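User: Could you take me through this structure? I would like to start with the loops and then turn to the helices.

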Amino acid sequence: DNSSSSFNPKMIAMESSPRYLLSSDRLPHLILCVVPWVKFMVLVRDPVSRAESQYRYLDEARREQNKPMVDWKTWIDDDLRLLDEAGIWN
């Protein structure tokens, strides 16, 4: 029902987290339950560049908290496993 006071046909919302792709088997359904008129657009970047950038970001954040970061191979193996489990990578 588009009569909701929060409905605005010109509204655009964006999210830049690549981790939402890992929930792609359930997240769109949950969003559609709340806003059934929504349209999804997914833009992806070079996967190697994305992984390197995310690893550097997490590494820096963990250093600030004095927490060790796993090595690149362990991290990338886990990232690929998560992508495979979500049906995004195989």
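User: Where is Asn 66 placed?
Analyst: In this predicted model, Asn 66 sits in the loop between helix 2 and helix 3. Helices here are DSSP runs of H or I with at least four residues, strands are E runs of at least two, and both are numbered from the N terminus.

User: Is Asn 66 buried or exposed?
Analyst: Asn 66 counts as exposed, at 73% relative accessibility. Buried means under 20% relative accessible area, exposed over 50%, and partly exposed in between, with a 1.4 Å probe and protein chains only.

User: What is the phi of Asn 66?
Analyst: The phi of Asn 66 is positive, about 55°, although the residue is not a glycine.

User: And where is Asp 71 found?
Analyst: Asp 71 also belongs to the loop between helix 2 and helix 3. Its relative accessible area is 44%, so Asp 71 is partly exposed. Asp 71 and Tyr 55 are 16 residues apart along the chain, and their C-alpha atoms are separated by 9.5 Å.

User: On to the helices. At what angle do helix 2 and helix 3 pack?
Analyst: Helix 2 (residues 47-64) and helix 3 (residues 72-85) pack at about 120°, and their axes are 11 Å apart. That makes helix 2 oblique to helix 3. Axes are lines fitted to C-alpha atoms, for helices over the stretch in contact, and angles run from 0 to 180 degrees between N-to-C directions. Under 35 degrees counts as roughly parallel, over 145 as roughly antiparallel, 65 to 115 as roughly perpendicular, and the rest as oblique.

User: Which residues of helix 2 meet helix 3?
Analyst: From helix 2, Arg 50, Ala 51, Glu 52, Gln 54, Tyr 55 and Leu 58 meet Trp 72, Trp 75, Ile 76, Asp 79 and Leu 83 of helix 3. The residues of this contact divide into seven nonpolar, one polar and three charged. Contact means heavy atoms within 4.5 Å. Ala, Val, Leu, Ile, Met, Phe, Trp, Tyr, Cys and Pro count as nonpolar, Asp, Glu, Lys and Arg as charged, and the others, Gly among them, as polar.

User: Changing topic, where does Glu 15 lie?
Analyst: Glu 15 lies in the segment before helix 1 (27-34). Glu 15 is exposed, with a relative accessible area of 55%. Glu 15 and Val 42, 27 residues apart in sequence, are 9.7 Å apart from C-alpha to C-alpha.

User: How many helices and strands are in the chain?
Analyst: The chain has three helices and zero strands. Buried residues make up 13% of its 90 residues.

User: What should I know about the numbering and the cut-offs?
Analyst: Residues are numbered from 1 along each chain as its sequence is written, and side-chain values use heavy atoms, leaving out hydrogens and water. Because the model is predicted, local features need pLDDT of at least 70 and side-chain atom pairs count only at pLDDT 80 or more, while totals for chains, interfaces and linings use all residues.
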